[in-house]
Amino acid sequence: MVVKVHVEYGAQECGPQYRELVKSIRDHFPAVEISGEAGRSGSFEVKINDQLIFSKLETGNFPSTNYVCEQVQSRFASGNCNIL
């Protein structure tokens with residue numbers, strides 16, 4: 001099973017946070033497929049395998065990279081996924 005992370009982010013205001021999150025995930029989990037798209041203003045919606053795990057539109061905050069990496073790690077721990 002492949003772990004896929006997808007982020008919808010507010011194009012201009014959230015680009016730096018998106019790039020930081022991508023770098024952190026790639027550093028810790030090179031096999032994860034990561035995609036992103038510029039979306040709604042103020043958005044930073046993170047999905048893992050099509051399941052929403054974080055919504056800036058709902059919380060008003062950005063997720064911590066640690067939280068997202070813990071969520072990715074839990075997908076590896078619960079399935080037949082390889083981290084490397």
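Reader: What average pLDDT does the protein chain of this predicted model have, and what share of the residues score at least 70?

Author: The model is a predicted one, and the average pLDDT of the protein chain is 89. A score of at least 70 is reached by 93% of the residues.

Reader: Where does pLDDT stay under 50, and how should such a region be read?

Author: Where pLDDT is low, the predicted coordinates should not be read in detail. In this model that applies to residues 80-84, over which pLDDT stays under 50. For these residues the model has 15 contacts beyond four places in sequence.

Reader: How is a pair of aromatic rings described, and how many aromatic pairs does the structure hold?

Author: Two quantities describe such a pair: the distance of the centres and the angle of the planes. The structure holds three aromatic pairs. One of them joins Tyr-9 and Tyr-18, whose ring centres are 4.4 Å apart and whose planes stand at 15 degrees, so this pair is stacked.

Reader: Are Tyr-9 and Tyr-18 buried or exposed?

Author: Tyr-9 and Tyr-18 are both buried.

Reader: Which ring does the charged end of Lys-56 sit over?

Author: The ring is that of Phe-62, and the charged end of Lys-56 is 5.0 Å from its centre.

Reader: How many salt bridges are there, and what does the one between Glu-8 and Arg-40 tie together?

Author: The count is two salt bridges. In one of them the side chains of Glu-8 and Arg-40 meet, at 2.8 Å from N to O. Glu-8 belongs to strand S1 (residues 4-10), whereas Arg-40 is in the loop between strand S2 (33-39) and strand S3 (44-48), so the pair ties together parts that are 32 residues apart in sequence. The relative accessible area of Glu-8 is 13%, so this residue is buried. Arg-40, at 46% relative accessibility, counts as partly exposed.

Reader: Where do Lys-23 and Asp-27 lie?

Author: Both lie in helix H1 (residues 11-28), four residues apart, which is about one turn of the helix. Lys-23 and Asp-27 are both exposed.

Reader: How many residues does the largest nonpolar core have, and which element gives the largest share?

Author: This core has 21 residues. Those with the most contacts inside it are Val-5, Val-7, Ile-25, Val-32, Phe-44, Val-46 and Val-72. Two or more residues each are given by S1, H1, S3, strand S4 (51-55) and H3. The largest share, five residues, comes from H1.

Reader: Which residues does Val-32 touch, not counting residues up to four places away in sequence?

Author: Val-32 touches Val-3, Val-5, Ile-25, Val-72 and Phe-76 on that count.

Reader: Which residues are in contact with Gln-71 beyond its neighbours within four places in sequence?

Author: Gln-71, in helix H3 (residues 65-78), is in contact with Ile-48 and Ile-53 once those neighbours are left aside. The C-alpha atoms of Gln-71 and Lys-47 are separated by 10.0 Å, although the two residues are 24 residues apart along the chain.

Reader: Which contacts does Ala-11 have when its neighbours within four places in sequence are left aside?

Author: Ala-11, a residue of helix H1, is then in contact with Ala-38 and Gly-39. At 41% relative accessibility, Ala-11 counts as partly exposed. Its C-alpha atom is separated by 10 Å from that of Gly-36, 25 residues apart along the chain.

Reader: Where is Glu-58 placed?

Author: Glu-58 is in helix H2 (residues 56-59) and counts as exposed at 67% relative accessibility. The C-alpha atoms of Glu-58 and Glu-45, 13 residues apart along the chain, are separated by 9.2 Å.

Terms used:
Residues numbered from 1 in each chain as written. Predicted model: local features only at pLDDT ≥ 70, side-chain atom pairs only at ≥ 80, totals over all residues. Heavy atoms only, no water. Phe/Tyr/Trp six-rings, centres within 6.5 Å; stacked < 30°, edge-to-face > 60°. Buried < 20%, exposed > 50% of the residue type's maximum accessible area, 1.4 Å probe, protein only. Lys NZ or Arg CZ within 6 Å of the ring centre and 35° of its normal. pLDDT = per-residue confidence, 0-100. Contact = heavy atoms within 4.5 Å. Salt bridge = Lys/Arg side-chain N within 4 Å of Asp/Glu carboxyl O. Core = buried A, V, L, I, M, F, W, Y, C linked by side-chain atoms within 4.5 Å.
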